[in-house]
Amino acid sequence: QDWLRKAVDRNHACYGPGPSKLQHAKVTKVQRIEALALWDIYQARKRVMAHQIAEFKKKGFHVPLLKTKTHQPTLPDMELDANVSELFLFHGTSTLDTAMLIAEQGMDNRVACDSGVYGAGSYFADWSCKSAQYAD
């Protein structure tokens with residue numbers, strides 16, 4: 001519950017003038033779902049990115065990196081890697097089936113919603129209250 005609330009800013013625009021889904025939310029259960037094959041792919045890609053960034057820097061190129069926002073939540077057993085602009089992001093979905101599909105197979109733009117504000121795609125937010133707007 002603390003982790004979720006750290007990513008909530010009561011002054012953030014996603015709260016707006018009306019009530020927010022998260023204003024009175026209470027976390028009753030947390031489950032860790034791991035897809036080891038996806039995690040291994042992610043870690044391998046992160047290593048490749050770190051190597052590429054280091055090579056560009058050796059050649060004198062400026063490599064702009066995202067700054068970790070001060071509201072970024074942290075997990076006790078996981079440290080974010082600022083060298084590759086790693087961030088925690090939230091994604092809202094309306095069904096448990098979709099959430100489980102994402103957990104098992106990862107994000108897939110080929111089956112993403114095609115009616116998003118900015119067109120077809122998978123949307124992520126650094127504020128949990130924004131993603132909660134797309135969840136039931």
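Predicted model: local features only at pLDDT ≥ 70, side-chain atom pairs only at ≥ 80, totals over all residues.

Residues are numbered from 1 along each chain as its sequence is written, and side-chain values use heavy atoms, with hydrogens and water left out.

**Aromatic pairs**

- Rings of Phe, Tyr and Trp (its six-membered ring) pair if their centres lie within 6.5 Å, with planes under 30 degrees apart counted as stacked, over 60 as edge-to-face and the rest as tilted; by this rule there are two aromatic pairs.
- The ring centres of Trp-39 and Tyr-42 are 5.6 Å apart and their planes stand at 35°, so this pair is tilted.
- Both Trp-39 and Tyr-42 belong to helix 2 (residues 36–58), where three residues, about one turn of the helix, separate them; helices are DSSP runs (H or I, at least four residues), numbered from the N terminus.
- Trp-39 is partly exposed at 40% relative accessibility, and Tyr-42 is also partly exposed, at 36%, where buried means under 20% relative accessible area, exposed over 50% and partly exposed in between (1.4 Å probe, protein chains only).
- Phe-56 and Phe-61 make an edge-to-face pair, with 5.8 Å centre to centre and 85° between the planes, and Phe-56 is partly exposed with a relative accessible area of 45%.

**A polar contact**

- Glu-86 lies in the loop between helix 2 and helix 3 (96–105) and is buried, at 6% relative accessibility.
- The side chains of Glu-86 and Lys-46 are joined by a polar contact of 3.2 Å, a term for a pair of N or O atoms within 3.5 Å where, within protein, one must be able to donate a hydrogen and the other to accept it, and residues adjacent in sequence count only if both atoms are side-chain atoms.

Technical notes. Helix = DSSP H or I, 4+ residues; strand = E, 2+ residues; numbered from the N terminus.
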